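Subject: Model handover and findings

Hello,

Here is the model we talked about. Please open it alongside this note.

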Amino acid sequence: MSAGLRVWWRGARPRTLGLGLVPVVVGVAAAGHVIAWRLIAALVVGAGLQIGVNLANDYFDGVRGVDTHERMGPQRLVASGAASARSVLAASLVCLGLAAVSGLALALATTPASILIAGALALGAAFLYSGGPKPYAGLGLGELMVFVFFGLMATCGSAYVMVETVPASAWWCGVVMGFLAVAVLVANNLRDIPTDEAGGKRTLAVRLGDRRTRLLYRACVVAAFVTIIIGVSVFIVDESVGITQWALIGLAAWPLAIRPMQVVGTANGRDLIPVLTGTAATHAACGLLLALGLFLSHLHFVVNAVPVSP
């Protein structure tokens, strides 16, 4: 990979790209039905939104002086001078544009009004996270919006474009994905408390303070896995939901969460980076295992529905 491509690959933040892609896979698994081109389009939407919001955040925090050389995490494109502010903004708009075009195709293939409204809200949320006169990340609302858009909407929306309804299992899995996506953001914002506070960016982590942010992180991770147990316990009695004990396979991702949960208790600065990457890995593994569990659950019902010859 050339030096130029490496710069942009770093700017896309590949370690957290799963936040946009994995909920799509989970949502499709919850739907129990796959239309190939719609799956590809939904993945483009997820990736476009995730990379687009990352680049937009890079641009706005760079030009506003929030990201500086004192930042503890990986250097951003604008702040480090690796790419011009204009090119980063243009790249963000291209990614969001690709997401919009793919979303439009899905809207035209299903129910245009509902998909277009959801898509417009998602695009607005992506751009206004750090942009606009009142970036909501600086109002302490980033975690809530991540839960909604990278948890519930990404998972349920992906299920909807497959079967034009949202199964109960998609809502449940959306909550799981939402909690883990929030945990990734909390880990990131915990590390950035000193520089965000100095730059006037009042994230939820800045507002809560160091100790309570660490507690919030652990609460989000635990809540995700508890939600898996509760969901299976509640829905397993209703076969129409399409869930069996196989969905508990998502709990197999818990070992990946142990180390980040330990490190977050005392680590500071750059030592918190493994918490961020470890949480992203937990999110991806949990989501993919959940998807596998849902697939096996659907397969179970299909097999059991086949009449047995006397």
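Predicted model: local features only at pLDDT ≥ 70, side-chain atom pairs only at ≥ 80, totals over all residues.

Residues are numbered from 1 along each chain as its sequence is written, and side-chain values use heavy atoms, with hydrogens and water left out.

**Helix packing**

Helices (H or I, at least four residues) and strands (E, at least two) are DSSP runs, numbered from the N terminus. Axes are lines fitted to C-alpha atoms, for helices over the stretch in contact. Angles run from 0 to 180 degrees between N-to-C directions.

Start with helix α2 (residues 18-31) and helix α7 (residues 142-163). Their axes come within 7 Å and cross at roughly 45°. That makes α2 oblique to α7. On this scale, angles under 35 degrees count as roughly parallel, over 145 as roughly antiparallel, 65 to 115 as roughly perpendicular and the rest as oblique. The crossing of α2 and α7 is right-handed. A crossing is right-handed if the near helix is turned clockwise from the far one by less than a right angle, and left-handed if anticlockwise.

Which residues of α2 and α7 make the contact? From α2 come L19, G20, P23, V24, V26, G27, V28 and A31. From α7 come F150, A154, T155, S158, A159, M162 and V163. Contact means heavy atoms within 4.5 Å. By class, the contact of α2 with α7 has 11 nonpolar, 4 polar and no charged residues. Here Ala, Val, Leu, Ile, Met, Phe, Trp, Tyr, Cys and Pro count as nonpolar, Asp, Glu, Lys and Arg as charged, and the others, Gly among them, as polar.

α7 also packs with helix α8 (residues 168-191). The angle is about 145°, and the axes are 7 Å apart. The crossing of α7 and α8 is right-handed. This contact has 16 nonpolar, 6 polar and 1 charged residues.

V146 lies in helix α7. V146 is buried, with a relative accessible area of 11%. Buried means under 20% relative accessible area, exposed over 50%, and partly exposed in between (1.4 Å probe, protein chains only). Leaving out residues up to four places away in sequence, V146 touches G151, A181, V182 and L185. V146 and A181 are 35 residues apart in sequence, yet 6.7 Å apart in space, C-alpha to C-alpha.

**Aromatic pairs**

A search of the whole structure finds 5 aromatic pairs. Rings of Phe, Tyr and Trp (its six-membered ring) pair if their centres lie within 6.5 Å. Planes under 30 degrees apart count as stacked, over 60 as edge-to-face and the rest as tilted.

Y59 and F60 have ring centres 4.9 Å apart and planes at 75°, so the pair is edge-to-face. Both Y59 and F60 are buried. Y59, F60 and F127 form one aromatic cluster.

Y129 and Y136 also form an edge-to-face pair. Their centres are 5.6 Å apart, with 85° between the planes. Y129 counts as buried at 10% relative accessibility. Y136 is buried too, at 12%.

**Loop residues**

R13 is found in the loop between α1 (3-11) and α2. Its phi is near 55°, a positive value in a residue other than glycine. R13 is buried, with a relative accessible area of 13%.

R15 also has its place in the loop between α1 and α2. R15 is exposed, with a relative accessible area of 63%. Leaving aside neighbours within four places in sequence, R15 is in contact with I273, T277 and A280. R15 and G200 are 185 residues apart in sequence and 27 Å apart in space, C-alpha to C-alpha.

E164 is found in the loop between α7 and α8. Phi of E164 is near 55°, positive in a residue other than glycine. E164 is partly exposed, with a relative accessible area of 38%.

Where is T203 found? T203 is in the loop between α9 (193-198) and α10 (204-208). T203 is buried, with a relative accessible area of 1%. Not counting residues up to four places away in sequence, T203 touches A137, G138, G140, N189 and D196.

Best wishes
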